[in-house]
Amino acid sequence: MMDYFFHGFTTLQLVILMIAAVLIGINKTGLPGLGLLPVVMLANTFPVGLSTGIQLGMLALADLPAAWYYRKTVNWKQLVRLIPMALVGIFCGFLVLRMVPKESLKPLIATVILVLCIFGLTKNYIFRDKEKIPTDWWFAALFGLLAGFTTQVANAAGPVMAIYLIAMRFEKKEYMGTAAWYFLILNWTKVPIFAFEGRITMASVRADLAMIPLLLVGAAIGIWLLKKMPQKVFEKAVLILSALAAIKLFF
């Protein structure tokens with residue numbers, strides 16, 4: 001049975017895969033901004049194509065319980081604003097990856113995320129009046145485009161969307177519900193694209209299916225953490241994790 005799901009995997013790869021599954025589950029239901037840590041772990045342990053394929057499979061599977069659990073706290077108005085340009089961003093990322101090495105794009109993505117983190121940390125001082133926070137269609141379109149592009153290029157949309165959703169001053173459950181459904185749509189849209197590119201294979205699918213119990217464990221831990229975490233601590237944790245993830249992209 002082990003050989004069927006993890007044929008050719010080393011012990012180290014299996015351990016990293018299991019840790020990454022728990023972290024992805026936590027990320028989806030309790031600590032957004034944590035998502036790039038599994039990216040780094042998998043990229044440093046598996047071949048590039050296999051690591052991104054395995055990661056997307058686990059993300060897509062973890063989106064399902066997260067979207068179900070937070071189904072009553074979704075801001076559908078924001079999703080309608082974000083999704084169209086996010087799909088355009090995914091298409092742009094698909095085209096760019098066929099022309100430019102992904103490694104050369106990481107510093108640019110990191111710079112964008114760090115600038116957005118600074119905005120997130122200073123927005124309460126810049127926009128003391130809640131009505132002055134940009135909430136027009138172009139603001140959502142810009143973040144949707146950036147998120148779609150970064151998720152296709154480097155699976156780095158989490159920090160981008162974290163800054164946008166915090167800028168909207170969402171209560172933490174509304175934040176999680178909107179993020180859950182946003183990434184459910186984006187990640188399942190990416191699955192056929194990754195399969196076309198050869199990044200999702202039968203080997204990655206089998207490994208992902210075997211990780212479902214650990215993804216659910218992580219999701220349960222995330223839900224527990226979110227219930228215990230005050231709103232201000234939640235927002236600060238998201239921004240700090242997003243900034244650290246962005247810095248990691250420079251290296």
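These exercises with worked solutions concern a predicted model of a protein chain.

**Exercise 1. The chain as a whole**

Task: State how many helices and strands the protein chain has, and what share of its residues is buried.

Solution: Begin with the elements. The protein chain has 12 helices and zero strands. Next comes burial: of the 251 residues in the protein chain, 53% are buried. Last come the contacts. Among contacts with a separation of 6 or more, 85% are between residues 24 or more positions apart.

**Exercise 2. Helix 2 and helix 3**

Task: Decide whether helix 2 and helix 3 are roughly parallel or roughly antiparallel, and describe their contact.

Solution: Step one is the geometry. Helix 2 covers residues 11-29 and helix 3 covers residues 36-43. Their axes come within 9 Å and cross at roughly 165°. Step two is the cut-off: an angle over 145 degrees counts as roughly antiparallel. Helix 2 and helix 3 are therefore roughly antiparallel to each other. Step three is the handedness, and the crossing of helix 2 with helix 3 is left-handed. Step four is the list of residues. Helix 2 contributes Ile16, Leu17, Ile19, Ala20, Leu23 and Ile24, while helix 3 contributes Leu37, Pro38, Met41 and Leu42. Sorted by class, this contact has 10 nonpolar residues, with no polar and no charged ones.

**Exercise 3. Helix 5 and helix 9**

Task: Carry out the corresponding steps for helix 5 and helix 9, starting from the angle at which they pack.

Solution: Helix 5 spans residues 76-97 and helix 9 spans residues 172-197. The two pack at an angle of about 20°, and their axes are 10 Å apart. Angles under 35 degrees count as roughly parallel. Helix 5 and helix 9 are therefore roughly parallel to each other. Their crossing is right-handed. On the helix 5 side, the residues that meet helix 9 include Trp76, Leu79, Leu82 and Phe94. On the helix 9 side, they include Trp181, Tyr182, Lys190 and Glu197. By class, the residues of this contact divide into 14 nonpolar, three polar and two charged.

**Exercise 4. Asp63**

Task: Find where Asp63 lies, whether Asp63 is buried or exposed, and which side chain is joined to it by a polar contact.

Solution: First, Asp63 is placed in helix 4, residues 48-69. Second, the relative accessibility of Asp63 is 0%, so Asp63 counts as buried. Third, the side chains of Asp63 and Lys28 are joined by a polar contact of 2.8 Å.

**Exercise 5. Helix 8 and Tyr175**

Task: State how many residues of helix 8 are buried, then decide whether Tyr175 is buried or exposed.

Solution: Helix 8, residues 157-167, has 10 of its 11 residues buried. Among them are Ala157, Pro159, Met161, Tyr164 and Ala167. Helix 8 is followed by Arg169, which has a positive phi near 55°. Now turn to Tyr175, which is found in helix 9. The cut-off for buried is under 20% relative accessible area. Tyr175 has a relative accessible area of 2% and is therefore buried. Finally, Tyr175 and Val74 are 101 residues apart along the chain, and their C-alpha atoms are separated by 7.7 Å.

Technical notes: Residues numbered from 1 in each chain as written. Predicted model: local features only at pLDDT ≥ 70, side-chain atom pairs only at ≥ 80, totals over all residues. Heavy atoms only, no water. Axes fitted to C-alpha atoms, helices over the stretch in contact; angles between N-to-C directions. Helix = DSSP H or I, 4+ residues; strand = E, 2+ residues; numbered from the N terminus. Parallel < 35°, antiparallel > 145°, perpendicular 65-115°, else oblique. Left-handed = near helix turned anticlockwise from the far one by under 90°. Contact = heavy atoms within 4.5 Å. Nonpolar A, V, L, I, M, F, W, Y, C, P; charged D, E, K, R; others polar. Buried < 20%, exposed > 50% of the residue type's maximum accessible area, 1.4 Å probe, protein only. Polar contact = N/O pair within 3.5 Å; in protein donor to acceptor, adjacent residues only side chain to side chain.
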